[in-house]
Amino acid sequence: MSVPALDDHRRYLSETRPELLHRHDHPDLVVAIQDAKNVVQTLDGTRTDADEPTGGFVSRDPGNVHMLTNVGGTTYLARLVELK
């Protein structure tokens, strides 16, 4: 088993960039450092509200192409741990 990859995520209010459409090749765990109200949009256009409170976490399966937009009034800051 290799060491998990760590990545800081920061999204400012209303920030979204089409080039941020991406996917994770391994299961991951996202821990919110600063809460935010986000929307996750998948490649097929599906939109999901993703409210993430400070200290909360989300576990996701690999392979889904998506991007995240911060639609709330705070800066979203999270730590993503990709399990390899």
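Good morning. I begin with Glu 52, which counts as buried at 4% relative accessibility. Please bear in mind throughout that the model is predicted.

S3 and S4 pair in the antiparallel sense, over 6 bridges. They belong to an open sheet of 3 strands, in the order S4-S3-S6 and with antiparallel pairing. Strand S4, residues 47-52, and strand S6, residues 66-70, are the edge strands, each pairing on one side only. From one strand to the next, the twist averages 25°.

A second salt bridge links Asp 51 with Lys 37, with 3.8 Å between the closest N and O atoms. Since Asp 51 lies in strand S4 and Lys 37 in strand S3, this pair ties together parts that are 14 residues apart in sequence. Lys 37 is partly exposed, with a relative accessible area of 44%.

The count of salt bridges comes to 3. The one still to be described joins the side chains of Asp 25 and Arg 23, at 2.8 Å from N to O. Here Asp 25 is partly exposed, with a relative accessible area of 48%, and Arg 23 is likewise partly exposed, at 49%.

Let me turn to the nonpolar core. Which residues make up the largest one? It has 9 residues in all: Val 30, Ala 32, Ala 36, Val 40, Ala 50, Leu 68, Tyr 76, Ala 78 and Leu 80. Strands S2 (28-34), S3 (36-42) and S7 (76-82) each give two or more residues to this core, and S7 gives the most, with 3 residues. In soluble globular proteins, nonpolar side chains tend to be buried together.

Leaving aside neighbours within four places in sequence, Ala 32 is in contact with residues including Glu 52, Pro 53, Tyr 76 and Ala 78.

Finally, the chain as a whole. There are 7 strands and 0 helices. Of the 84 residues, 32% count as buried. The accessible surface comes to about 5300 Å², with 55% belonging to carbon and sulfur atoms. Among contacts between residues at least 6 apart in sequence, 77% join residues at least 24 apart. Thank you.

Note on methods. Residues are numbered from 1 along each chain as its sequence is written. This is a predicted model: local features need pLDDT of at least 70, side-chain atom pairs count only at pLDDT 80 or more; totals for chains, interfaces and linings use all residues. Side-chain values use heavy atoms; hydrogens and water are left out. A nonpolar core is a set of buried Ala, Val, Leu, Ile, Met, Phe, Trp, Tyr and Cys residues joined through side-chain atoms within 4.5 Å. Buried means under 20% relative accessible area, exposed over 50%, partly exposed in between (1.4 Å probe, protein chains only). Helices (H or I, at least four residues) and strands (E, at least two) are DSSP runs, numbered from the N terminus. Contact means heavy atoms within 4.5 Å. Accessible areas come from the Shrake-Rupley method with a 1.4 Å probe; for residues, only the protein chains shown count as cover. Two strands pair if DSSP finds at least two bridges between them. Axes are lines fitted to C-alpha atoms, for helices over the stretch in contact, and angles run from 0 to 180 degrees between N-to-C directions. A salt bridge is a side-chain nitrogen of Lys or Arg within 4 Å of a carboxyl oxygen of Asp or Glu.
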